[in-house]
Amino acid sequence: MAEKVCKVWRYLQMSSSTPKAGLRCADRHARSPVKILTGPQGHGYKSAKECLHAQATLTSNASLLLCTWGESGASALELPSRRYVERPAYKTTGAKVVDTVGAGDTFIAGMLFGLTCHTTNWTLDRQLEFAIELAGRKVVQEGLRGLGNLVQHFF
């Protein structure tokens, strides 16, 4: 499994602070099968869907685009079919956000886990749901301790 994760990670291209014009230049030649965009709100996009569809025209080699949208959740766009999947953020009644450090990394880890370890028995919807819940549970606690135990219901 580690070898599989390393192969996915090697091809993974992430962009969180590049201006929209810079994304275009970098993405045109991307060789990544998966592209994850975190924080695109600051780049002029009004929705995750708008962001993903715009990036799809600029990223010819990707087969999956993912976009996090903070407290609104995350979305995925499969290429070339252009099947769009959107999931709301994970929220627990009464829980307050206490630590957002690492939330994006936690989402990415959740997607990598789903894409590498559950390619045949989880749909893209389920993989996205897992990554969102993992990140959502992370932000309502300090650090990462015990996080895996909180998502056991997925297995």
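Colour the chain by secondary structure and read along the sequence: the pattern is α-β-α-β-α-β-β-β-α-α, made up of five helices and five strands. Helices here are DSSP runs of H or I with at least four residues, strands are runs of E with at least two, and both are numbered from the N terminus. This is a predicted model, in which local features need pLDDT of at least 70 and side-chain atom pairs count only at pLDDT 80 or more, while totals for chains, interfaces and linings use all residues. Residues are numbered from 1 along each chain as its sequence is written, and side-chain values use heavy atoms, with hydrogens and water left out.

Next, show the surface. The chain has about 8500 Å² of accessible surface, and 54% of that belongs to carbon and sulfur atoms (Shrake-Rupley method, 1.4 Å probe; for residues, only the protein chains shown count as cover). Of its 155 residues, 43% count as buried (under 20% relative accessible area; exposed is over 50%, partly exposed in between; 1.4 Å probe, protein chains only).

Select α4, residues 103-117. This helix has 15 residues and reaches 21 Å from its first C-alpha to its last, close to the 21 Å expected at 1.5 Å a residue (the expected span is 1.5 Å times one less than the number of residues). Its buried residues include Phe107, Ile108, Met111 and Leu112. Cys117 counts as partly exposed because its relative accessibility is 26%.

Now select Cys67. With 0% relative accessibility, Cys67 counts as buried. The whole structure contains zero disulfides (pairs of cysteine sulfur atoms within 2.5 Å). Cys67 is in none; the nearest cysteine sulfur, that of Cys51, lies 4.0 Å away.

Move to Thr59, in the loop between α3 (48-58) and β3 (64-68). Thr59 has a relative accessible area of 2%, so it is buried.

Finish at the largest pocket, with a volume of about 490 Å³. A pocket is an open set of points on a 1 Å grid over the protein atoms alone, where a 1.4 Å probe fits, with protein on both sides within 12 Å along at least five of seven lines; lining residues have an atom within 4 Å of a point. Of the 22 lining residues, select Gly70, Glu71, Ala89, Gly136 and Val139, the closest to the centre of the pocket. Both α4 and α5 (124-139) supply at least two lining residues, and α5 gives the most, with four.

Notes:
Points joined across faces, edges and corners; volume = space filled by probe spheres on them.
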